[in-house]
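Here's a quick briefing on a ligand site and a sheet. Have a look at the model first, then run through the points below.

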Amino acid sequence: MSLIKTFDQYQAAYQKSVNDPEAFWAEIAQEFKWRKPWTKTLDWNFTDPSIKWFQGGKLNITENCLDRHLTTRADQPAIVWEPNDPAEPGVTLTYRMLHDQVCRMANVLKRNGVVKGDRVCVYMPMVPELAITVLACARIGAIHSVVFGGFSAQSIADRINDAQCKVVVTSDGAYRGNKEIPMKDTVDDALIGCPSIERVIVMTRTRTPVAMLKGRDVWLEQELKHVTATCEAEEMDAEDVLFILYTSGSTGKPKGVVHTCGGYMVYAAYTFQTVFQYDTSAGTQPPLFFCTADIGWITGHSYIVYGPLATGGTSLLFEGVPTFPDAGRFWDIVDKHRVNIIYTAPTAIRSLMGAGLSHVAGHDLSSLQILGSVGEPINAEAWHWYDDNIGKNRCPVVDTWWQTETGGILISPIANVTKTKPTFATLPLPGIQPVLVDENGAEIEGNGVSGNLCIKFPWPGILRTTWGDHERCRQTYFSAYPGLYFTGDGCLRDEDGYYRITGRVDDVLNVSGHRIGTAEVENAINMHTGVVESAVVGYPHDIKGQGIYAYVITDDEQPIGHDTDLTKRDILATVTRVIGPIARPDKIQFVTGLPKTRSGKIMRRILRKIAEGDTANLGDTSTLLDPGVVDEIKKGAI
Ligand code: WTA
């Protein structure tokens, strides 16, 4: 793939992608290894919706991520692993080693009954085996559903049941900072309600004692003794499902976003190479790319595993957290491994900024060439801190906007090509046609305008459906504005035509870069015995971007003012139990009523204002059933 080197080249590529999208993407897709070429590049409508890229094409993504590189870069590092504890030796896997381990793992899955099309739940720490398992599933055509290691047993169970997974791959425990976290125990709790699971494959990481159920549970290390490193890749259709990844929406339980083999591969690799100017010319060691996300999120799928490997790159996988042993850990890793590109979230930048520059000092960051940001809007202060103190004003900051549903980056500067502007994701990548619409769905043209962000033409990485419920996919993304994909984000297009994503316009929160639905948190709070009703909104939070503010009505048995601290702690424990620690409210306010319209709808706008501390401008409250509750809530605001 030839890289875009100048702004003129970007504009030319963009024009081509709009004038003839099929020719544009066909040319890029041709650079991959297809067992059989596709017959139709694109077939789509956003009504059903039905989106098919590279129809008739046959491939296996792991042949592209592994086998294809064995002739040219077998001994080049594919994955560099940095453990949680800096004193523990790391691991470097070359392409040859990774290929062998993926084949072995694929054979373990096969031995345990996994066949093409089966769903495999992966609940693991950030160890090489996680990437290996993901690729092993893809190798044999099994569909992986990775569940972030911070989710609760209940969340795992919901995801397993929704996808009817047959096998879980997990570990005994996980290291996270100075904590040791049980994994297998949590899976055991989940599996009480998961009849579809036939096998649990357990990797050893922490040597925490675990219960191994005869007939169901096996040790990975034992299984590996019985397999060889030869495993032919399954031939997949371009539109066969590659993976499911659950993500939160404004209503109901998280939905399983579905990505398929051909389009996702092309898009993850193209955006990786383009945005980060990732050069894999033969004969050179490509840059070391450090994406700090967890593979449990889409960022890890696309930019730790598939994008870098499909490109023949070297990806650094870090098990730990940015603040262990201290807030200099990222910079320690950059220094130690000579990282060239770092890709992290604004929440991490803000928290490290808060820890002070003494943690940056003493680390040699001269290897860095590009700084990436992802997951949430980056505020100007964090942008400049990153640019000044980490990049020393010599590395472009690429603020990349995208979503689980988009498979890869949609709006972003191209490093060293697009002029950056703090807090702006800048311009759409080639192939992406953004539009801003008003509440009535009318397109807002011109510059210096704001609206809801939609995309009007498909790109190869767009989601195809939501698992088991196509109607939900249609309703969520394609019904608000007929003919357009609706992102759920608000957006400003400034006088230069640059895009700044201003945040969600639906009931989805973005807490520390994690997507959480307000309805999900409310359901979890309502599971607590003493809770009658609750309403959850977001509010600006210095480090997390958004904090979670919960208004809670309790019953008479647990009166307000009576040991409310304990009730709060019980509610927090309930949310941790139902979803996981990431969804714990930062603030809980007990109230006796919620502002509701006469038709019973909670007026979140008012609750949001109060949570933001903006009580002077509550707007029109005359339509409320009982305007009196607003005063009470205002008085008790935290
Ligand atoms: C938000 C993460 C502003 C946005 C890749 C989006 C951003 C949601 C940015 C998707 C950015 C992501 N600037 N906001 N650069 N990147 N977002 O599915 O609200 O976990 O809709 O995907 O994060 O979150 P998700």
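Predicted model: local features only at pLDDT ≥ 70, side-chain atom pairs only at ≥ 80, totals over all residues.

Residues are numbered from 1 along each chain as its sequence is written, and side-chain values use heavy atoms, with hydrogens and water left out.

**Ligand shell**
- Of the 17 residues around the ligand (a heavy atom within 4 Å), the nearest are Asp399, Thr400, Thr404, Asp489 and Arg515.

**Polar contacts** (N or O pairs within 3.5 Å)
- The side chain of Asp399 puts an N or O atom 2.7 Å from a ligand nitrogen.
- Backbone N or O atoms also reach a ligand nitrogen, at 3.1 Å from Gly375 and at 3.4 Å from Glu376.
- The ligand alone exposes 530 Å², and the protein buries 96% of that (Shrake-Rupley, 1.4 Å probe).
- Helix H11 (298-311), strand S20 (397-400) and strand S26 (499-504) each give two or more residues to the shell (DSSP runs, helices H or I of at least four residues and strands E of at least two, numbered from the N terminus).

**The sheet**
- Five strands make an open antiparallel sheet, ordered S22-S21-S23-S25-S26 (pairing takes at least two DSSP bridges).
- S22 (443-444) and S26 are the edge strands, each pairing on one side only.
- S21 (434-437) and S23 (449-455) pair antiparallel over four bridges, with Pro434 bridged to Ile455 in S23.

How values were computed
Polar contact = N/O pair within 3.5 Å; in protein donor to acceptor, adjacent residues only side chain to side chain.
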